[in-house]
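Open your viewer, keep the sequence panel beside it, and follow along one selection at a time. Each stop says what to pick and what to look for.

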Amino acid sequence: MFGIQDAIRAITEKFPTSLYVSTCGFITRDLYNTADRPENFYLVGSMGMAAPVGLGVALARPGRQVVVLDGDGSFAMNPGALPMIAEHGPDLVHVVLDNGVHESTGGQRPVRVADPVGLALAAGYSAAYTVASAQELAAVRPEPGVPSLLHIRCAPRGAHAGKRVEWTPQQLVERFRAAAAA
């Protein structure tokens with residue numbers, strides 16, 4: 001089974017030119033420590049809002065693919081975003097990193113979405129997949145230009161996340177805005 005940091009590394013290698021929006025907490029810290037770049041927009045608060053922010057970015061930059069990195073807990077906090085994303089049909093890959101715990105806040109059990117793939121398809125996503133290994137992820141080829149969901153089963157971390165994002169919110173916005181416009 002994937003470790004979350006390995007899954008994030010594999011996703012950034014699979015979609016190297018995409019714009020990224022990451023949910024708050026350890027997932028943002030993992031993306032920052034694994035593959036910091038101006039094309040990453042880190043949410044340092046606002047749990048459950050990565051998908052709506054990703055939709056906004058995709059609508060503002062229709063020529064760019066957007067990858068949203070969500071956790072299973074943050075995904076469960078805002079399922080209403082799925083039909084909104086499907087309705088607009090952006091080029092967006094919605095990744096749900098599912099380790100079965102809220103690691104950022106101490107390891108509590110999150111409210112579970114029993115079938116994230118079924119939920120995404122029912123909301124109108126064009127495709128949805130569940131994977132649990134690098135080999136399975138490599139075999140997935142989301143169709144460009146439409147919303148899709150990648151549900152990645154991950155092992156709990158069992159260790160601390162890396163350092164916190166050192167960019168100020170103003171610096172994050174400035175560098176992301178410039179990178180998204182390029």
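Does R9 count as buried, partly exposed or exposed, and at what relative accessibility? R9 counts as partly exposed, at 36% relative accessibility; here buried means under 20% relative accessible area, exposed means over 50%, and partly exposed lies in between, using a 1.4 Å probe and protein chains only.

Before going on, a word on the model: it is predicted, so local features need pLDDT of at least 70 and side-chain atom pairs count only at pLDDT 80 or more, while totals for chains, interfaces and linings use all residues. Residues are numbered from 1 along each chain as its sequence is written, and side-chain values use heavy atoms, with hydrogens and water left out.

**Stop 1: helix α1**

(A salt bridge is a side-chain nitrogen of Lys or Arg within 4 Å of a carboxyl oxygen of Asp or Glu.) R9 and D6 are three residues apart in helix α1 (residues 4-14), so about one helical turn separates them. D6 is also partly exposed, at 44% relative accessibility. Helices (H or I, at least four residues) and strands (E, at least two) are DSSP runs, numbered from the N terminus.

**Stop 2: strand β4**

Now select residues 66-71, which make up strand β4; six of its six residues are buried. V66, V68 and D70 point one way, V67, L69 and G71 the other way. In a regular strand the side chains alternate between the two faces of the sheet.

Next, bring in the neighbours; two strands pair if DSSP finds at least two bridges between them.

- Select residues 19-22: this is strand β2, which pairs with β4 in the parallel sense over four bridges. Y20 stands opposite V67 in β4.
- Select residues 92-98: this is strand β5, parallel to β4 and joined to it by six bridges. The bridge partner of D70 in β5 is V96.

**Stop 3: around R112**

Finally, select D72, D98 and R112, which are linked in a network of salt bridges. Between R112 and D72, the closest N and O atoms are 2.9 Å apart. This pair links distant parts of the chain, 40 residues apart: R112 is in the loop between β5 and α6 (116-123), and D72 is in helix α4 (residues 72-77).

R112 also meets D98 in a salt bridge, at 3.0 Å from N to O. D98 belongs to strand β5 and R112 to the loop between β5 and α6, so the pair ties together parts 14 residues apart in sequence.

Color by accessibility here: R112 is partly exposed at 37%, whereas D72 is buried at 7% and D98 is buried at 7%.
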